Amino acid sequence: EKTVEKTVEKTVEKTVEKILAFIRENPSITQKELAVLTGLTQRGIEWNLRKMKNDNLIERTGPAKGGKWVVK
């Protein structure tokens with residue numbers, strides 16, 4: 001059970017690092033583009049972005065369309 005938790009934790013960390021790298025490269029990247037690049041589903045990207053926003057790692061500036069991600 002603990003092994004599964006550790007594996008999930010490491011996977012989430014790697015995914016967060018990947019997403020942050022893509023955002024740094026292209027702050028106006030879309031969720032769809034992130035899904036293609038990471039191999040996650042749209043919902044997976046939404047979940048990760050929401051978690052990253054709640055953890056104060058990123059924020060969204062500007063309008064829904066045409067806005068940008070800011071890595072804190």
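Student: Which residues does Leu 49 touch, not counting residues up to four places away in sequence?

Tutor: Leu 49 touches Ile 19, Ile 23, Gln 31, Leu 34, Ile 58 and Trp 69, with neighbours up to four places away left out. Contact means heavy atoms within 4.5 Å. This is a predicted model, in which local features need pLDDT of at least 70 and side-chain atom pairs count only at pLDDT 80 or more, while totals for chains, interfaces and linings use all residues. Residues are numbered from 1 along each chain as its sequence is written, and side-chain values use heavy atoms, with hydrogens and water left out.

Student: What makes a set of residues a nonpolar core, and which residues have the most contacts inside the largest one?

Tutor: A nonpolar core is a set of buried Ala, Val, Leu, Ile, Met, Phe, Trp, Tyr and Cys residues joined through side-chain atoms within 4.5 Å. The largest such core has 13 residues, and Ile 19, Ile 23, Leu 34, Leu 49 and Ile 58 have the most contacts inside it. Two or more of its residues come from each of helix H1 (2-25), helix H2 (31-38) and helix H3 (42-54). H1 gives the most, with 5 residues. Helices (H or I, at least four residues) and strands (E, at least two) are DSSP runs, numbered from the N terminus.

Student: Why is Thr 15 called buried?

Tutor: Buried means under 20% relative accessible area, exposed over 50% and partly exposed in between (1.4 Å probe, protein chains only). Thr 15 has a relative accessible area of 15%, and therefore counts as buried. Thr 15 is found in helix H1, and, its neighbours within four places in sequence aside, is in contact with Leu 40 and Asn 48. Over the protein chain, buried residues make up 25% of the 72 residues.

Student: What makes H1 roughly perpendicular to H3?

Tutor: H1 and H3 pack at an angle of about 85°, with their axes 11 Å apart. The axes are lines fitted to C-alpha atoms, for helices over the stretch in contact, and angles run from 0 to 180 degrees between N-to-C directions. Angles under 35 degrees count as roughly parallel, over 145 as roughly antiparallel, 65 to 115 as roughly perpendicular and the rest as oblique, so H1 is roughly perpendicular to H3. Val 12, Thr 15, Val 16, Ile 19, Leu 20 and Ile 23 of H1 make the contact with Ile 45, Asn 48, Leu 49, Lys 51 and Met 52 of H3.

Student: How do you know that Lys 51 forms a salt bridge with Asp 55?

Tutor: A salt bridge is a side-chain nitrogen of Lys or Arg within 4 Å of a carboxyl oxygen of Asp or Glu. The closest N and O atoms of Lys 51 and Asp 55 are 3.1 Å apart, so the pair qualifies. Lys 51, at 32% relative accessibility, counts as partly exposed, and so does Asp 55, at 44%.

Student: Why does Lys 72 count as exposed, and where does the pair of Glu 59 and Lys 72 lie in the chain?

Tutor: Lys 72 has 53% relative accessibility, and therefore counts as exposed. Glu 59, with a relative accessible area of 33%, is partly exposed. Glu 59 forms a salt bridge with Lys 72, their closest N and O atoms being 3.6 Å apart. The pair links distant parts of the chain, with Glu 59 in strand S1 (residues 58-61) and Lys 72 in the segment after strand S2 (68-71), 13 residues apart.
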